[in-house]
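Try each task yourself before you read the solution.

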Amino acid sequence: MQPGLSPGSPGDPRPPTPETDYPESLTSYPEEDYSPVGSFGEPGPTSPLTTPPGWSCHVSQDKQMLYTNHFTQEQWVRLEDPHGKPYFYNPEDSSVRWELPQVPVPAPRSIHKSSQDGDTPAQASPPEEKTKTLDKAGVLHRTKTADKGKRLRKKHWSASWTVLEGGVLTFFKDSKTSAAGGLRQPSKFSTPEYTVELRGATLSWAPKDKSSRKNVLELRSRDGSEYLIQHDSEAIISTWHKAIAQGIQELSAELPPEESESSRVDFGSSERLGSWQEKEEDARPNAAAPALGPVGLESDLSKVRHKLRKFLQRRPTLQSLREKGYIKDQVFGCALAALCERERSRVPRFVQQCIRAVEARGLDIDGLYRISGNLATIQKLRYKVDHDERLDLDDGRWEDVHVITGALKLFFRELPEPLFPFSHFRQFIAAIKLQDQARRSRCVRDLVRSLPAPNHDTLRMLFQHLCRVIEHGEQNRMSVQSVAIVFGPTLLRPEVEETSMPMTMVFQNQVVELILQQCADIFPPH
């Protein structure tokens with residue numbers, strides 16, 4: 001058989017790209033994924049020609065040399081004319097060529113590092129083969145999440161024909177058009193939508209908060225742009241991870257030390273691929289190992305620990321920050337003794353301000369201390385007290401007196417230890433249970449006088465104020481019993497809740513009620 005057409009004739013018929021390789025429905029992708037590393041068949045002893053990039057060669061059952069295109073899966077049979085000159089025959093459309101169709105590869109956008117080994121002579125190949133080295137190509141889902149450091153609001157996932165070569169990852173606009181049309185005629189490759197320089201980039205498995213999809217890679221370029229790359233096949237996305245990671249590692253070696261330190265690839269997350277990767281490594285023992293092994297990871301962890309230790313050692317102490325005024329201790333939730341010591345007062349300043357404000361606005365207001373104020377406004381007042389030393393309760397925001405009484409009750413509730421300390425709780429309960437009234441009053445009075453000075457002085461001011469509230473009971477409808485019910489559980493409570501809490505609450509209220517009734521005797525005027 002003689003070739004009927006001259007090589008490279010524009011009229012050469014070519015079979016269409018199989019639809020199964022680029023389906024209309026993008027819910028699933030073909031398992032075919034072009035990776036030239038380790039996939040090229042070496043020329044056999046009967047073949048004097050070198051297998052071109054993008055093709056694999058094997059011997060068929062009828063002992064013929066069969067060449068398969070990695071992109072289109074078309075097959076060409078190598079034959080020889082009567083003069084021994086090889087040519088290629090396509091069984092599908094009976095076309096013949098002197099040479100295999102060239103696999104189109106986008107022109108490289110970065111200069112490859114040429115081998116400097118003088119011992120190994122370079123293979124004879126066309127000049128363009130030395131610069132156009134295709135590392136990987138295939139269909140991937142991709143989306144851009146950040147553009148030069150600016151976060152993009154929405155993620156637009158789309159399928160792209162993706163090419164990795166020359167240290168550049170290229171995403172074409174339309175996967176099906178660019179792949180099928182470009183393979184027939186290189187001039188028909190669509191314009192790349194995104195090109196990502198791998199020099200100085202970082203690669204990691206995307207966390208769940210970045211995408212709900214499975215098998216997602218996160219690629220960050222040197223200029224601050226971020227991309228998410230995904231494929232439904234775990235095996236295919238893993239080979240992409242390895243190819244991109246190796247490209248980053250090779251190019252990072254050319255960066256200055258301080259920049260290459262920031263260009264890292266996260267291999268740790270690849271453990272989730274475990275079973276498949278182990279099979280791949282067993283099947284390909286000559287495959288390149290990840291650039292960062294256990295020793296490298298341990299070294300990185302050691303550096304992180306060292307830097308963290310130095311940072312913690314340089315951190316200023318809490319006391320020094322307080323002295324410089326950077327940290328202001330809060331009022332709500334602070335221990336009573338510590339608060340009085342810090343403010344250098346016998347009674348907390350906030351308690352004094354609240355009592356003065358309530359009495360200034362009138363003790364005849366209905367439901368004083370019983371009616372709750374607006375909770376949101378109370379929390380605003382609390383924040384103001386904790387973060388601003390200059391508190392003005394005459395401000396219009398606090399015009400509702402129930403907000404002030406609610407904040408005062410909240411202050412006492414949030415004390416780490418109540419106004420009646422935990423150590424005195426059982427003694428007060430035991431005293432109120434005494435049958436003899438005189439003895440009961442005497443025991444309660446002695447217990448109150450034995451309290452620590454900040455507790456005793458604050459109780460004095462509070463109970464004297466509550467007695468004045470009770471004196472206006474006809475107008476505000478606050479009797480001794482009403483005030484005791486409000487303040488009993490707040491001022492007197494056990495450290496650990498007991499099983500008989502309802503009965504305990506009765507005794508708590510009775511203690512407060514007794515102190516209110518005998519306030520002049522327990523807290524005599526100065």
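**Exercise 1.** In this predicted model, is E80 buried, partly exposed or exposed? Then classify R78, its salt-bridge partner.

*Solution.* Step 1: E80 has a relative accessible area of 45%. Step 3: R78 has 9% relative accessibility, so R78 is buried, the cut-off being under 20%. Step 4: the two side chains meet in a salt bridge at 3.8 Å, N to O.

**Exercise 2.** Which classes do E343 and R349 fall into?

*Solution.* Step 1: start with the contact, a salt bridge of 3.9 Å, N to O, between the side chains of E343 and R349. Step 2: E343 has a relative accessible area of 14%, so E343 is buried. Step 3: R349 reaches 42% and is therefore partly exposed.

**Exercise 3.** Where in the chain do R477 and D366 lie, and how many residues apart are they?

*Solution.* Step 1: the side chains of R477 and D366 form a salt bridge at 2.8 Å, N to O. Step 2: R477 sits in the loop between helix 15 (473-476) and helix 16 (480-491), while D366 sits in the loop between helix 9 (349-361) and helix 10 (375-387). Step 3: they are 111 residues apart, so this pair links distant parts of the chain. Step 4: R477, at 52%, is exposed, whereas D366, at 30%, is partly exposed.

**Exercise 4.** How many salt bridges does the structure hold?

*Solution.* The total is 16.

How values were computed
Residues are numbered from 1 along each chain as its sequence is written. This is a predicted model: local features need pLDDT of at least 70, side-chain atom pairs count only at pLDDT 80 or more; totals for chains, interfaces and linings use all residues. Side-chain values use heavy atoms; hydrogens and water are left out. A salt bridge is a side-chain nitrogen of Lys or Arg within 4 Å of a carboxyl oxygen of Asp or Glu. Buried means under 20% relative accessible area, exposed over 50%, partly exposed in between (1.4 Å probe, protein chains only). Helices (H or I, at least four residues) and strands (E, at least two) are DSSP runs, numbered from the N terminus.
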